[in-house]
Amino acid sequence: LGFSVAPALAQGVDFDSLDANVDGAVSFEELQVALPAITQDDFTLLDTDGDGALSREEFTALLEAPAAE
């Protein structure tokens, strides 16, 4: 991935705080609030089930991903 989640984590961002509409998933637009550098391509890679949103499990995988160099 071409970005780091560290700045967002430093601000206390978590799944529930990003899920603005409380639908149980984080959309690309919701994630961009915390990670403005994320691209649609990055998001698509994270959205492993292809449903257009990140589940709690997919979001957890993002947090565990290695930081961008």
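The protein chain has 5 helices and 0 strands. Helices here are DSSP runs (H or I) of at least four residues, strands (E) are runs of at least two, and numbering starts at the N terminus. From that end, the elements run α-α-α-α-α. The model is predicted: local features need pLDDT of at least 70, side-chain atom pairs count only at pLDDT 80 or more, and totals for chains, interfaces and linings use all residues. Residues are numbered from 1 along each chain as its sequence is written, and side-chain values use heavy atoms, with hydrogens and water left out.

Confidence is given as pLDDT, the predictor's score for each residue, from 0 to 100. The protein chain averages 84, and 78% of the residues score at least 70. Among the elements, helix α1 (residues 6-10) has the lowest mean pLDDT, 56. Helix α2 has the highest, 93.

Of the 69 residues of the protein chain, 38% count as buried. Buried means under 20% relative accessible area, exposed means over 50%, and partly exposed lies in between (1.4 Å probe, protein chains only). The accessible surface comes to about 4,200 Å². Carbon and sulfur atoms account for 55% of this surface. These areas come from the Shrake-Rupley method with a 1.4 Å probe; for residues, only the protein chains shown count as cover. A contact means heavy atoms within 4.5 Å. Among contacts between residues at least 6 apart in sequence, 53% join residues at least 24 apart.

Helix α5 spans residues 56-64. Its buried residues are Glu58, Phe59 and Leu62. Seen down the axis of α5, these buried residues fall within an arc of 100°, so they line one face of the helix. The arc is that of the directions from the helix axis to the C-beta atoms. On the other side of α5, Glu57 and Glu64 are exposed. The cover over the buried residues of α5 includes α2, α3 (28-34) and α4 (40-46).

Aromatic rings were paired next. Rings of Phe, Tyr and Trp (its six-membered ring) pair if their centres lie within 6.5 Å; planes under 30 degrees apart count as stacked, over 60 as edge-to-face and the rest as tilted. By this rule the count comes to 2 aromatic pairs. The rings of phenylalanine 15 and phenylalanine 59 have centres 5.8 Å apart and planes at 65°, so this pair is edge-to-face. The pair links distant parts of the chain: phenylalanine 15 is in helix α2 and phenylalanine 59 in helix α5, 44 residues apart. Both phenylalanine 15 and phenylalanine 59 are buried. Phenylalanine 28 and phenylalanine 43 also form an edge-to-face pair, with 5.6 Å centre to centre and 70° between the planes. Phenylalanine 28 lies in helix α3 and phenylalanine 43 in helix α4, so the pair ties together parts 15 residues apart in sequence. Phenylalanine 28 and phenylalanine 43 are buried.

Glutamine 32 is also found in helix α3. At 30% relative accessibility, glutamine 32 counts as partly exposed. Glutamine 32 and phenylalanine 43 are 9.6 Å apart, C-alpha to C-alpha, and 11 residues apart in sequence.

Side chains of opposite charge can pair when their charged atoms come close. The structure holds 1 salt bridge, defined as a side-chain nitrogen of Lys or Arg within 4 Å of a carboxyl oxygen of Asp or Glu. Arginine 56 forms this salt bridge with aspartate 16, the closest N and O atoms being 2.8 Å apart. The pair links distant parts of the chain: arginine 56 is in helix α5 and aspartate 16 in helix α2 (residues 15-18), 40 residues apart. Arginine 56 counts as partly exposed, at 41% relative accessibility.
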